[in-house]
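Visitor: Hi! Could you walk me through this one? I'd like to start with the surface charges.

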Amino acid sequence: MSSNELFELLYNEINLKNHFWWPNYGTFEVVVGAVLTQNTKWQNVESSLSNLKNKGVLSIEGILSLDDETLANLIKPSGFNNVKTKRLKNLLSAISLEFGDFENFKDSVDMEWLISQKGIGAESCSAILCYACERDEMVVDNYTIKILNFLNYEFESYLEAQEWLCGVDFDMLSKKYDFKSLNELYCAYHGLFVEFGKEHIKGYKFSDHAKDLLTKLI
């Protein structure tokens, strides 16, 4: 099985309405969402983001202006709100100090700097680079690993799994599915894993349809 074959199977199965997938792609909101979505469902994150928007503080300056208790209450729907308050403030303080504003961060940040920030693991780092900074960065999440494991692919590290997924043939897929950039392809690929996983995977149990479909690749 190749990464191309897996991509095409998922692409033909899932009706992905937007190749860039993540809500408000390319904006500061993605940075906040990438922290808040750790260990929780996206609908909980949406509630927290709505609270921040309604308060008028969904910006680096706005969030940093809040005391910890106020911020923790606003992002409470995301769970682990005290931990995420610290992570979010630490990250945004570092961004403000190092880059000044989001646009400069978006243009200048690299993986080495981002992953060195406390509370930012490999997946969060990739999500920010891919969806906020519009970089050619493939996100590897739990659904991705579960699907690859089902297909008898096991990897020793995040980077190893990421490297295998990045073996897609951009030239071929871009002509077939009208991808304008490698970033767009990586956004779609990750989005397909998540949408497929939400529909067909509960815990470690795959739906019968998912089993039948994926078995075609084994």
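Guide: Happy to. Patches are made of residues with over 30% relative accessible area and no salt bridge, with like charges joined within 9 Å and nonpolar side chains (Val, Leu, Ile, Met, Phe, Trp, Tyr) within 5 Å. Lys and Arg count as positive, Asp and Glu as negative, and His and the chain ends are not counted. A charge is placed at NZ of Lys, CZ of Arg, CG of Asp or CD of Glu. Areas come from the Shrake-Rupley method with a 1.4 Å probe, and for residues only the protein chains shown count as cover. This is a predicted model: local features need pLDDT of at least 70, side-chain atom pairs need 80 or more, and totals for chains, interfaces and linings use all residues. Numbering runs from 1 along each chain as its sequence is written, and side-chain values use heavy atoms, leaving out hydrogens and water.

Visitor: Which residues form the negative surface patch?

Guide: Glu61, Asp101, Glu103 and Asp107 form it. Glutamate 103 sits in helix H7, residues 102-108 (helices are DSSP runs of H or I with at least four residues, strands are E runs of at least two, numbered from the N terminus).

Visitor: Is glutamate 103 buried, exposed or partly exposed?

Guide: Partly exposed, at a relative accessible area of 46%; buried means under 20%, exposed over 50%, and partly exposed in between, using a 1.4 Å probe and protein chains only.

Visitor: New topic: how many salt bridges are there?

Guide: Six, where a salt bridge is a side-chain nitrogen of Lys or Arg within 4 Å of a carboxyl oxygen of Asp or Glu. One of them joins aspartate 68 and lysine 89, at 2.9 Å from N to O. That pair links distant parts of the chain, helix H5 (residues 68-74) and helix H6 (residues 81-99), 21 residues apart. Aspartate 68 is partly exposed at 43%, whereas lysine 89 is buried at 15%.

Visitor: And how far apart in helix H13 are lysine 198 and glutamate 195?

Guide: About one helical turn, because they are three residues apart. Their side chains form a salt bridge of 3.4 Å, N to O.

Visitor: Last one: why is helix H1 largely enclosed by the rest of the structure?

Guide: Because eight of its eleven residues (H1 spans 3-13) are buried. Among them are Leu6, Phe7, Leu9 and Leu10. The buried residues of H1 pack against helices H10, H11, H12, H13 and H14, with contact meaning heavy atoms within 4.5 Å.
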